[in-house]
Amino acid sequence: RMKKIRNSISKENRQIYDEIIFNKLITDSDFKNANNYFVFVSFGSEIDTKKIINYLLERNKNVFVPKVIGKDMKLFKINGLNDLEKGCMGILEPKDKCVEFVDEKLEFILMPGLVFDKLGGRIGYGGGYYDKFLKQLSYYKEIPKVAIAYDFQLIDYIPMEDFDVRVDKIITN
């Protein structure tokens, strides 16, 4: 149901909403103060993250994007959107030439999701990739985990399991 609602936004409204969210995000103190970013690449009717990625790269920030390999998700550093190609489920992923994330310490995570609640609960797309990946990082609780969403994607309550990772902040239009 939420995908259907999100898919129904007109192109004009989507551009307006995405611009509002982009401007709120780039003025966020956690966002501004980081150097190593984990950013998902938007797909379908998700809020456009390509503009965010370009914004960071233009400022010489380190941008790591996910790639699904088997049942796991790994991160790779990209230097531009031309480092991406269609991968798992048609989502843009880093090409094989990109360097895998190993020792860098992530300082900001832009989390995807379909629905969020006011306590940071989220429903993703069912793979559990983000929860599993983040729990492998000993310091994951210290990293600001921020979601971007349209205001209608925010609901009152989402039941969460012990293995689910909450977001710290949700930026909407």
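Predicted model: local features only at pLDDT ≥ 70, side-chain atom pairs only at ≥ 80, totals over all residues.

Visitor: Fine. Where is Tyr139 found?

Guide: Tyr139 sits in the loop between α5 (129-135) and β10 (145-149).

Visitor: Is Tyr139 buried or exposed?

Guide: Buried, because its relative accessibility is 13% and the cut-off for buried is under 20%.

Visitor: What does Tyr139 touch?

Guide: Leaving out residues up to four places away in sequence, Tyr139 touches Phe101, Glu104, Lys105 and Leu106. As for Asn33, 106 residues apart from Tyr139 along the chain, the two C-alpha atoms are separated by 17 Å.

Visitor: Switching to helices. How do α2 and α4 cross?

Guide: The axes of α2 (residues 11-26) and α4 (residues 50-58) come within 10 Å and cross at roughly 35°. The crossing is right-handed.

Visitor: Which residues make the contact?

Guide: From α2, Glu19, Phe22, Leu25 and Ile26; from α4, Lys51, Ile52 and Tyr55. By class that gives 5 nonpolar, no polar and 2 charged residues.

Visitor: How many cavities of 30 Å³ or more does a search of the whole structure find?

Guide: The search finds 1. The volume of the largest cavity is about 60 Å³.

Visitor: And what is the largest cavity lined by?

Guide: Its lining consists of Arg6, Phe40, Glu46, Ile47, Pro112, Gly113, Ile148 and Gln153. Sorted by class, there are 4 nonpolar, 2 polar and 2 charged residues in that lining.

Terms used: Residues numbered from 1 in each chain as written. Heavy atoms only, no water. Helix = DSSP H or I, 4+ residues; strand = E, 2+ residues; numbered from the N terminus. Buried < 20%, exposed > 50% of the residue type's maximum accessible area, 1.4 Å probe, protein only. Contact = heavy atoms within 4.5 Å. 1 Å grid on protein atoms, 1.4 Å probe; cavity = no way out; pocket = protein on both sides within 12 Å on 5 of 7 lines; lining within 4 Å. Points joined across faces, edges and corners; volume = space filled by probe spheres on them. Nonpolar A, V, L, I, M, F, W, Y, C, P; charged D, E, K, R; others polar. Axes fitted to C-alpha atoms, helices over the stretch in contact; angles between N-to-C directions. Left-handed = near helix turned anticlockwise from the far one by under 90°.
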